[in-house]
Amino acid sequence: MATIMRRPQNIAKSSKQLLEAYSLSQTLARRPASLPRPLYAYARSRHYATQPEGEQDGKKVDKTGAAPKGMEHLYSQQSPMSGGPPQPPGQKPDGDEPLPGRSKLTKQEEKALDDVFTLVKKGMPASMAEDIDKALVRVKREGMPQELRETIKECSDEGMSPARAAKLWRLTTQMARQTVESEQKAAETEQPKQQNTADPGPGTKEKGKDGKKKKKESEFPDVTMIKFDLSNFLLSGFVAYLLYRLVVPTENSREITWQEFRNTFLDKGLVEKMVVINGNRVRVHLHRDSVASMYPDSPAAQQGFYYYFSIGSVEAFERRVEDAQNLLDIPSSERIPIMYHEEGSWFNTVLAFGPTLLFIGAIFYLSRRAASGAGGGGGGIFGMGKSRAKKFNHETDIKVKFSDVAGMDEAKLEIMEFVSFLKEPGIYQKLGAKIPRGAILSGPPGTGKTLLAKATAGESGVPFFSVSGSEFVEMFVGVGPSRVRDLFANARKNTPCIIFIDEIDAIGKARAKQSFGGGNDERESTLNQILTEMDGFNTAEQVVVLAGTNRADVLDKALMRPGRFDRHISIDPPTMEGRKQIFDVHLKKIITNEDMEHLKGRLASLTPGFSGADIANCVNEAALVAARENVESVNVTHFEKAIERIIGGLEKRSLVLSPSEKKTVAYHEAGHAICGWYFQYADPLLKVSIIPRGSGALGYAQYLPAGGGDMVLMNMKQMMDRMAMTLGGRVSEELHFPTVTSGASDDFNKVTRMATSMVTKWGMSEKIGYLYYPEAGESSEAQFSKPFSEQTAQAIDGEVRRIVDEAYKQCKQLLQEKKDDLILVAEELLKKEMLTRDDMVRLLGPRPFADAGEFSKYFGGPGGRGTGATGEAGGPMGGAPKPTTPGPNGPDPGEGGGGGATLPPGLGGQGTVSPTMYKAFEEAFRQARR
Ligand SMILES: Nc1ncnc2c1ncn2[C@@H]1O[C@H](COP(=O)(O)OP(=O)(O)OP(=O)(O)O)[C@@H](O)[C@H]1O
């Protein structure tokens with residue numbers, strides 16, 4: 001089809017074929033015969049007419065062979081379009097003179113013609129419309145054919161009818177075809193001339209080549225090129241069909257009786273032939289010209305219209321026709337031919353189903369396009385089962401190296417082994433070692449699991465297939481397993497290679513013991529397929545499967561067994577040193593004149609709990625802040641603003657507090673700050689502000705983690721100090737205002753959770769002893785029933801209350817002692833809206849306890865470095881002092897420490913990694929952000 005469409009006779013032809021095939025070949029237009037009809041046919045049609053011979057409609061019929069009046073052109077040797085002797089192609093009359101037989105257009109005619117051509121162009125593809133335009137220009141230049149002129153005139157005089165519309169359509173498309181054909185011929189005749197004039201001398205190979213090329217081009221001149229595009233084709237087909245239905249809204253056949261047939265047509269000699277269809281219907285073919293002259297308004301005069309009548313049996317019908325013709329005295333040589341035809345109604349069926357077929361075709365085509373556009377494995381609906389994994393080529397796409405991954409040395413070491421498996425498998429194989437099949441990288445979000453996998457691919461220099469677990473799951477059953485098969489099949493073709501399945505928990509969750517309603521069947525069969533595929537590797541196939549997840553604890557045991565994901569690599573949030581290294585990697589990308597060593601240390605101190613992704617974001621945010629200020633390089637203040645923004649959210653200066661609210665917030669914050677300053681194990685203040693931030697926090701404070709860094713354990717003293725500090729806000733309100741506000745609810749939440757954990761998990765209550773009671777949701781047993789008796793519940797309540805009361809007493813005692821200091825700090829805060837550690841040192845003198853750990857290096861000494869320096873932190877009111885560290889299983893130590901999540905105690909700690917620890921970290925950071 002494409003070839004046909006590209007063929008020279010191009011558009012006009014295709015437009016004709018297309019349009020006529022779908023519509024106009026069947027139109028009702030009274031189409032003049034393109035070949036002269038044998039004159040006797042005309043004469044014969046009169047011969048049996050009921051009117052006297054030689055007379056029709058009262059007029060004499062010219063028997064000499066001349067055509068009846070008004071139909072002369074039907075019998076001329078010329079095309080109905082030509083209107084005169086044919087013009088040799090390419091030969092035009094001089095100037096703007098019309099061709100012989102044509103006349104120049106009047107202004108009115110030109111306008112009418114424009115309208116007609118515009119109508120015809122509607123719905124046509126652009127390329128076809130162009131040729132219609134050319135035809136229009138040509139008509140304007142060479143004059144209008146007589147037939148077109150008459151039709152236009154008829155339309156304007158008598159109005160548009162379907163037959164006239166069809167005729168206009170036919171004439172215009174025919175003209176377009178002629179225009180294109182003559183242009184093509186002209187181009188062909190031009191070509192030899194050019195070739196002749198070209199210098200054929202020796203050494204002109206180039207020219208010869210050129211000539212050849214040109215000739216080739218001329219065989220398919222531009223104008224005749226149709227860009228065959230399925231969407232164009234479908235569209236034009238659809239438009240043509242609609243036009244057809246529009247133009248031919250009525251029937252194209254009608255049932256009549258034998259009597260009607262006989263009286264109206266047979267007796268008058270109008271019948272050309274009869275076709276017996278399927279032995280039970282007869283289609284009557286009439287001499288249309290004669291019918292048109294006799295019954296101008298009859299639909300039978302229109303092309304494609306037929307009368308039918310039904311017959312009982314063919315024999316009876318033949319007998320009847322025989323009798324009728326005998327009666328009419330028709331000589332046997334001129335008897336009406338009868339043909340027999342077996343016909344399925346395929347055409348009508350196709351026509352009836354046309355729109356549906358087109359619609360389905362369009363959907364199919366669009367779905368194919370959508371699928372290939374989405375980069376899917378091609379094949380539309382049928383490509384569903386193809387894997388969506390993206391393949392990266394190590395030479396071009398993966399530039400990440402291990403040096404870009406900072407602060408996870410153990411994980412790197414572990415995974416580097418995979419690189420050497422892929423690079424030099426021989427070393428291992430010759431000792432009989434099996435190459436591990438895969439590794440699970442687990443850890444909190446943003447800790448660099450994907451980055452590490454990419455670095456592995458970058459270092460090993462092998463293809464890397466990256467896919468997300470959720471991409472296996474579709475709404476269609478069976479797609480998941482088939483994508484897994486396809487992925488592994490692709491991988492096997494590209495060995496050695498690495499497959500990385502991110503977020504594998506989307507498909508790798510532990511299979512349920514019994515599934516209700518089968519909702520998880522698809523996921524489970526996908527998982528089963530992965531298990532099978534991983535078993536299916538033979539050890540010589542160097543395909544390594546890495547998988548990333550935040551929830552290693554929920555993965556199916558079968559995934560983790562040796563022989564599948566052999567290695568389990570935990571990636572923890574970075575420690576102080578790790579954060580320094582990550583800052584080092586990311587700081588290289590921006591311009592800063594700060595002392596790098598000091599900057600890294602300071603930023604790492606300010607960002608406990610930050611993951612690699614947070615650090616990358618922080619550095620980028622700092623660069624954005626600097627760019628907003630239009631400065632040449634990023635300095636420490638920009639970084640601190642970025643950290644504030646990440647932890648506390650945007651400052652909400654638009655939220656204006658009333659003076660009394662502002663005072664309450666200031667005293668509340670000052671309460672926390674004084675506690676942090678004077679309790680040895682609480683977190684000293686870094687920065688406090690009473691500018692509302694983020695969602696609902698009316699103040700914001702940041703504290704340095706008291707433990708001096710990445711604390712893994714917390715003792716009881718630290719906990720009591722923290723709880724007392726967390727209550728500092730409310731106690732301060734009680735001491736300085738006649739009433740208290742709702743701003744401390746989050747503080748109470750933290751304190752209660754921490755005290756509860758002390759009692760139920762950490763064995764810090766003598767009354768309850770060394771027991772561990774899981775929280776609801778922590779284990780399936782604790783989900784629906786409490787794991788302790790009513791009596792124990794009461795005892796727990798009593799102990800929690802006692803601990804909180806103790807913390808309250810401790811806090812109240814301090815704040816009463818330091819009442820003056822508190823007022824000093826609160827008033828200063830009210831005045832300046834923001835206080836830093838330097839302000840605290842100025843107002844209260846140096847903190848009575850030395851800063852632990854590395855912090856003193858970056859913030860130590862009165863005044864510390866830099867002014868605005870350090871952090872900020874949790875605001876009161878809206879949500880109390882910002883969190884700090886969460887306890888292992890949830891309770892977080894209260895206290896200030898905004899950004900600073902210190903590490904939880906308990907947990908059997910030792911800094912080892914465990915899923916619970918992740919949760920604690922996660923929780924700490926989540927809260928810090930809240
Ligand atoms: N150790 C690191 N060193 C350098 N950059 C890091 C590190 N960890 C994370 N990043 C930065 O954080 C971005 C996100 O990390 P990545 O996508 O690897 O996290 P992830 O652990 O896979 O997260 P998720 O579990 O949400 O998929 C990286 O593109 C990188 O810029």
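**Helix packing and the ligand shell**

Helix α21 (residues 576–587) packs against helix α23 (residues 612–628) at an angle of about 40°, with the axes 9 Å apart. Axes here are lines fitted to C-alpha atoms, for helices over the stretch in contact, and angles run from 0 to 180 degrees between N-to-C directions. The model is predicted: local features need pLDDT of at least 70, side-chain atom pairs count only at pLDDT 80 or more, and totals for chains, interfaces and linings use all residues. Residue numbers start from 1 along each chain as its sequence is written. Helices (H or I, at least four residues) and strands (E, at least two) are DSSP runs, numbered from the N terminus.

**α21 and α23**

- α21 and α23 are therefore oblique to each other; angles under 35 degrees count as roughly parallel, over 145 as roughly antiparallel, 65 to 115 as roughly perpendicular and the rest as oblique.
- Arg579, Ile582, Phe583, His586 and Leu587 of α21 make the contact with Gly612, Ile615, Ala616 and Val619 of α23, where contact means C-beta atoms, placed from the backbone, within 7 Å.
- The residues of this contact comprise six nonpolar, two polar and one charged; Ala, Val, Leu, Ile, Met, Phe, Trp, Tyr, Cys and Pro count as nonpolar, Asp, Glu, Lys and Arg as charged, and the others, Gly among them, as polar.

**Ligand shell**

- The ligand is surrounded by 19 residues, the closest being Pro445, Gly448, Thr450, Gly612 and Ala613; a residue is near a molecule if its C-beta atom, placed from the backbone, lies within 6 Å of it.
- α16 (449–460), α21 and α23 are the elements that give two or more residues to this shell.
- Nine nonpolar, eight polar and two charged residues make up the shell around the ligand.
- Domain 3 (380–512 + 520–570) and domain 4 (576–648) each supply at least three residues to the shell, with domain bounds taken from an automatic or database domain assignment.

**α25 and α26**

- Helix α25 (residues 659–678) and helix α26 (residues 716–736) have axes 7 Å apart and pack at an angle of about 135°, which makes α25 oblique to α26.
- α25 and α26 cross in a right-handed sense.
- Residues that meet here include Tyr667, His668 and Gly671 in α25 and Met725, Gly728 and Ser732 in α26.
- By class, the contact of α25 with α26 has seven nonpolar, nine polar and two charged residues.

**α25 and α30**

- Between α25 and helix α30 (residues 819–832) the packing angle is about 130° and the axes are 8 Å apart, so α25 and α30 are oblique to each other.
- The crossing of α25 with α30 is right-handed.
- Among the residues making the contact are Lys662, Lys663 and Ala666 of α25 and Asp821, Leu822 and Val825 of α30.
- The contact of α25 with α30 divides into 10 nonpolar, one polar and four charged residues.

Conventions: Two residues are in contact if their C-beta atoms, placed from the backbone, lie within 7 Å. A crossing is left-handed if the near helix is turned anticlockwise from the far one by less than a right angle, and right-handed if clockwise.
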